[in-house]
Amino acid sequence: MAAFEELVARHRDRIYARAYSMMRNEEEAVDLSQEAWVKGWQRLAQFQGESSFGTWMTRIVINLCLDQLRKHKRHRAESIEAMSEESGGVERQMPVVTVNPTAGLEQGELRQRIDQALGQLSYEHRTSLVLHEFEDMEYKEIARTMGCSIGTVMSRLFYARRKLAVLLADLKNRDSV
Amino acid sequence: MDYNAQLKLQALLDGELPEAEVSEVTNWVARDREAAALLEELRNTRGALAGFEAEVRLPESREFFWSKVEREIQRLEVPAPKPVRESYLALFRRFLVPASAVAAVLVAGLMLTRPTGPYGRTAVASIETALAGSGAFTYRDYSAGTTLVWLSYPADTEVAENDEMGTIE
């Protein structure tokens with residue numbers, strides 16, 4: 001148990017950060033990361049060392065967050081982003097953002113803006129982006145994790161990126177006014 | 001530019017485009033300014049995200065967070081109480097009591113529905129002679145509620161008497 005405590009101490013911020021990036025809610029992220037550690041303990045025998053312990057634990061917390069988000073979705077109306085995705089894809093008509101909206105920003109400021117913009121995406125789009133960009137997952141792996149087709153993953157990623165570009169450009173314009 | 005072409009641009013950026021299509025899409029980007037602009041936008045967004053995930057830290061102390069995790073692990077590891085084996089007496093009681101009750105109800109039901117007669121509950125039918133030496137017999141069936149009287153004529157006693165006198169009247 002003492003060794004496990006040490007592992008928790010070493011990886012707890014990473015696991016919490018992933019939960020927070022998906023849930024966008026501090027309390028839920030704490031609860032889910034705690035649940036992930038309990039599950040991690042229960043499944044410790046299944047850890048084969050194919051990936052690092054941190055990556056293995058991150059997969060556990062991602063699955064818990066996805067379960068929770070699906071439960072939320074059942075109780076909530078679809079987000080505008082999700083509806084637009086279903087109804088034909090407004091991202092196809094979005095004008096291309098020609099200027100790099102993050103050029104010249106301080107690291108801290110950039111992080112803050114990205115975080116703000118990510119918070120405005122629906123959970124499906126945000127999760128696709130988080131898994132691809134921050135967890136380095138391939139389309140196939142994202143599809144398996146999220147329980148959808150590769151085509152849906154591509155579509156969600158495309159929308160999320162285009163929307164993010166617009167949101168970052170808006171934030172830049174607002175700051176420069 | 002159709003949607004499929006847009007997704008191919010993204011797949012090229014992510015290194016997920018089938019090898020056979022890479023040169024075709026690359027040549028198309030080189031010729032088409034719109035495609036090149038879209039690819040650039042996608043690349044900028046990807047570049048902005050790379051390594052710039054917000055730094056978030058668990059808002060609880062190491063000790064407090066661990067204590068919660070540990071408590072939950074211990075709670076889940078407490079073995080579930082084994083089911084107590086019932087003694088034979090308890091089993092006997094459990095099954096005998098309802099069985100006895102059912103039996104009692106059945107017996108009571110039978111007692112109430114069985115026919116009754118003037119000669120007690122067990123008298124179902126009886127045969128009796130109404131008058132001694134008259135040759136009349138009465139059959140009473142209490143369950144069916146019927147009474148049957150038959151007469152033997154001439155009466156057995158008369159036949160015997162006439163036989164003695166040698167005449168029949």
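Here are some friendly notes on the predicted model above, taken point by point.

1. A word on conventions first. Residues are numbered from 1 along each chain as its sequence is written, and chains are lettered from A and ligands numbered from 1 in the order in which they are written. As this is a predicted model, local features need pLDDT of at least 70 and side-chain atom pairs count only at pLDDT 80 or more, while totals for chains, interfaces and linings use all residues.

2. Chain B has six helices and three strands (DSSP runs numbered from the N terminus: H or I of at least four residues for helices, E of at least two for strands). Read from the N terminus, the order is α-α-α-α-α-β-β-β-α. Of its 169 residues, 12% are buried (20 or more other C-beta atoms within 10 Å of a residue's own, the C-beta atoms being placed from the backbone).

3. Where the two chains meet, chain A contributes 38 residues and chain B 33; a contact here needs C-beta atoms, placed from the backbone, within 7 Å. On the chain B side, helices H1 (3-14), H3 (33-49) and H4 (62-77) each supply at least two residues, and H3(B) gives the most, with nine. That side of chain B splits into 19 nonpolar, four polar and 10 charged residues (nonpolar: Ala, Val, Leu, Ile, Met, Phe, Trp, Tyr, Cys and Pro; charged: Asp, Glu, Lys and Arg; polar: the others, Gly among them).

4. H1(B) and H3(B) also pack on each other: their axes come within 10 Å and cross at roughly 45 degrees (lines fitted to C-alpha atoms over the stretch in contact, with angles from 0 to 180 degrees between N-to-C directions). Residues making this contact include Leu9(B) and Leu13(B) of H1(B), with Leu38(B) and Leu42(B) among those from H3(B). By class, the contact has six nonpolar, two polar and two charged residues.

5. The largest nonpolar core has 55 residues, and Ala19(A) and Val61(A) touch the most other members (a core is a set of buried Ala, Val, Leu, Ile, Met, Phe, Trp, Tyr and Cys residues joined through C-beta atoms within 7 Å). Helix H8 (residues 150-176) of chain A gives the most to this core, with 10 residues. Beyond its neighbours within four places in sequence, Ala19(A) contacts Ala29(A), Leu32(A), Ser33(A), Val61(A) and Cys65(A).

6. Do look at helix H6 (residues 123-134) of chain A: 11 of its 12 residues are buried, so it is largely enclosed by the rest of the structure. Among the buried ones are Glu124(A), His125(A), Arg126(A) and Glu133(A). After H6(A) comes Asp136(A), with a positive phi near 55 degrees.
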